[in-house]
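Good morning. Please look at the structure first.

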Amino acid sequence: QVLLFDEPLSNLDAKLRVSMRTEIKELHQRLKTTSVYVTHDQIEAMTLADRIVLMREGHIEQQGAPLELFEHPRTRYVAGFLGSPCMNFIPAVLQSDHSGLNAQIAPGISLALPAQRFSHLRATPGTAIELGIRPEHMRRQGQTRDDVAQLSVDIELVQPTGSRTF
């Protein structure tokens, strides 16, 4: 048996959507039945799925466990689709010097890319790249770690949502 869902919560208000997501998740766990759930809502996909098949224009962009897609997106589309607020993209040029890899994001402004986090890059220096930065990975000065890239920025917009502030 297979349960098929096609955008079942799309016409519900926000509070009822949250409640129904819980009901559907509990039903799925209780019945232990395979379910195919079609949605454009990433929160529904992330909270309800054991596996996500993220599609674009009829083609599979990436598939896997929800956190796998979120933490290790294979394409810019997947990286930009999952996450709220969405990932920021910054064009850069890959550089290399005695300290390791750097991403030049503007003339005279480079971002050091810690080797332990970016050793997988196969691009050669001078290659145009795009950095993806999730808002939740940003930290205030003094809250940083040595294994992450650091860049000073000016905050232009603050969005309080209650439990979180972006």
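I start with a charge over a ring: the charged end of Arg76 lies over the ring of Phe89, at 3.8 Å from the ring centre. Please keep in mind that this is a predicted model.

A pair of aromatic rings is described by the distance of the centres and the angle of the planes. With centres within 6.5 Å as the cut-off, the count is two aromatic pairs.

Take Phe5 and Tyr37. Their ring centres are 5.4 Å apart and their planes stand at 35 degrees, so this pair is tilted; stacked would need planes under 30 degrees apart. Where do Phe5 and Tyr37 lie? Phe5 is in strand S1, residues 2-6, and Tyr37 is in strand S2, residues 34-38, so the pair ties together parts that are 32 residues apart in sequence. Phe5 has a relative accessibility of 19%, so Phe5 counts as buried, the limit being under 20%.

Next, Tyr77 and Phe81. This aromatic pair is stacked, with 6.0 Å from centre to centre and 20 degrees between the planes. Tyr77 and Phe81 are four residues apart in helix H4, residues 76-81, so about one helical turn separates them. Buried or partly exposed? Tyr77, at 27% relative accessibility, counts as partly exposed. Phe81, at 29%, counts as partly exposed.

Technical notes:
Residues numbered from 1 in each chain as written. Predicted model: local features only at pLDDT ≥ 70, side-chain atom pairs only at ≥ 80, totals over all residues. Heavy atoms only, no water. Phe/Tyr/Trp six-rings, centres within 6.5 Å; stacked < 30°, edge-to-face > 60°. Helix = DSSP H or I, 4+ residues; strand = E, 2+ residues; numbered from the N terminus. Buried < 20%, exposed > 50% of the residue type's maximum accessible area, 1.4 Å probe, protein only. Lys NZ or Arg CZ within 6 Å of the ring centre and 35° of its normal.
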